Amino acid sequence: MTTVFESPLGLVRVTGDEEGVSVISCTEVPADKTTLDIPLPTPVEQAVNQLKAYFAGERHTFDFLMKPVGTAFQQSVWQALLEVPFGTTLSYLTLSRRIGDEKAIRAVAAANGRNPLWIVVPCHRIIGSDGSLTGYAGGLWRKKWLLEHEGAFARSGQLSLF
């Protein structure tokens, strides 16, 4: 089941079933009106509510059931991303070291870019070693907004990454 809701970053699409949420992404496609009266699976409803609370500044973590689909390596990167605290950033190099292979930096970056659970698995918290914002599937303006929303610049002593 898929639902779409409005956020400060545009429309957010959440897809999942009773076993967990498999996709959270930004979208340009509004909700299908024919599905508006169909009850959402519990994990999808929880994800929507928790994301709305995040956008309102009332939530920093997520605890609904998740079931992202990916390779074992991608899963290991996404698990490492879940350990990056709200309001902080890490470099791709540091993230690759955390998963045990500094030389896998390109593969780590690719897995980061294929993260299917936008915001919840916080790929936006990964930046260049020099502190620069680098690629983000949702667009660098969204990455900047998310990091500002979380206060990452204030905690790092930087006023902005731009």
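This report walks through the domains, cores, helices, loops and cysteines of the structure above.

## About the model

This is a predicted model, in which local features need pLDDT of at least 70 and side-chain atom pairs count only at pLDDT 80 or more, while totals for chains, interfaces and linings use all residues. Residues are numbered from 1 along each chain as its sequence is written, and side-chain values use heavy atoms, with hydrogens and water left out.

## Two domains

Let's start with the overall layout. The protein is divided into domain 1 (2-56) and domain 2 (72-150); these bounds come from an automatic or database domain assignment. The C-alpha centres of the two domains lie 22 Å apart. Across the boundary, 13 residues of domain 1 are in contact with 14 residues of domain 2, where contact means heavy atoms within 4.5 Å.

## The nonpolar cores

A nonpolar core here is a set of buried Ala, Val, Leu, Ile, Met, Phe, Trp, Tyr and Cys residues joined through side-chain atoms within 4.5 Å. Buried means under 20% relative accessible area, exposed means over 50%, and partly exposed covers what is in between (1.4 Å probe, protein chains only). The largest nonpolar core has 35 residues, and Val14, Ile24 and Leu51 have the most contacts inside it. Strand 2 (10-17), strand 3 (20-27), helix 1 (42-55), helix 2 (72-82), helix 3 (92-98) and helix 4 each give two or more residues to this core. Helices (H or I, at least four residues) and strands (E, at least two) are DSSP runs, numbered from the N terminus. Helix 1 provides the largest share of this core, with six residues. Both domain 1 and domain 2 are represented, with at least three residues from each.

Leaving aside neighbours within four places in sequence, Leu51 is in contact with Phe5, Val12, Val14, Ile24, Phe62, Ile119 and Val120. There is also a second, separate core of five residues, which includes Ile127, Leu133, Ala152 and Phe153.

Thr3 lies in strand 1 (residues 2-7) and is buried, with a relative accessible area of 15%. Beyond its neighbours within four places in sequence, Thr3 is in contact with Val12, Arg13, Val14, Leu40, Val44 and Val48.

Thr94 is found in helix 3 and is partly exposed, with a relative accessible area of 28%.

In helix 2, the buried residues are Gln74, Val77, Trp78, Ala80 and Leu81. They cover an arc of only 155° around the axis, which puts them on the same side of helix 2; the arc is that of the directions from the helix axis to the C-beta atoms. The cover over these buried residues includes helix 3, helix 4 and strand 5. As background, an α-helix has 3.6 residues a turn, so residues three or four places apart point the same way.

Helix 5 (residues 140-149) has Arg142, Lys143, Leu146 and Leu147 buried. These cover an arc of only 130° around the axis, which puts them on the same side of helix 5. Just after helix 5, Gly151 takes a positive phi of about 75°.

## Two buried loop residues

Glu150 lies in the loop between helix 5 and helix 6 (152-156) and is buried, with a relative accessible area of 2%. A polar contact is a pair of N or O atoms within 3.5 Å; within protein, one must be able to donate a hydrogen and the other to accept it, and residues adjacent in sequence count only if both atoms are side-chain atoms. The side chain of Glu150 makes such a contact with that of Tyr54 at 2.7 Å and with that of His124 at 2.8 Å.

Ile119 is found in the loop between helix 4 (105-113) and strand 5 (126-127). Its phi is near 70°, a positive value in a residue other than glycine, and Ile119 is buried, with a relative accessible area of 1%.

## Cysteines

A disulfide is a pair of cysteine sulfur atoms within 2.5 Å, and by this rule the count comes to zero. The sulfur of Cys26 is 10 Å from the closest cysteine sulfur, in Cys123, too far for a bond. Cys26 counts as partly exposed at 24% relative accessibility, whereas Cys123 counts as buried at 7%.
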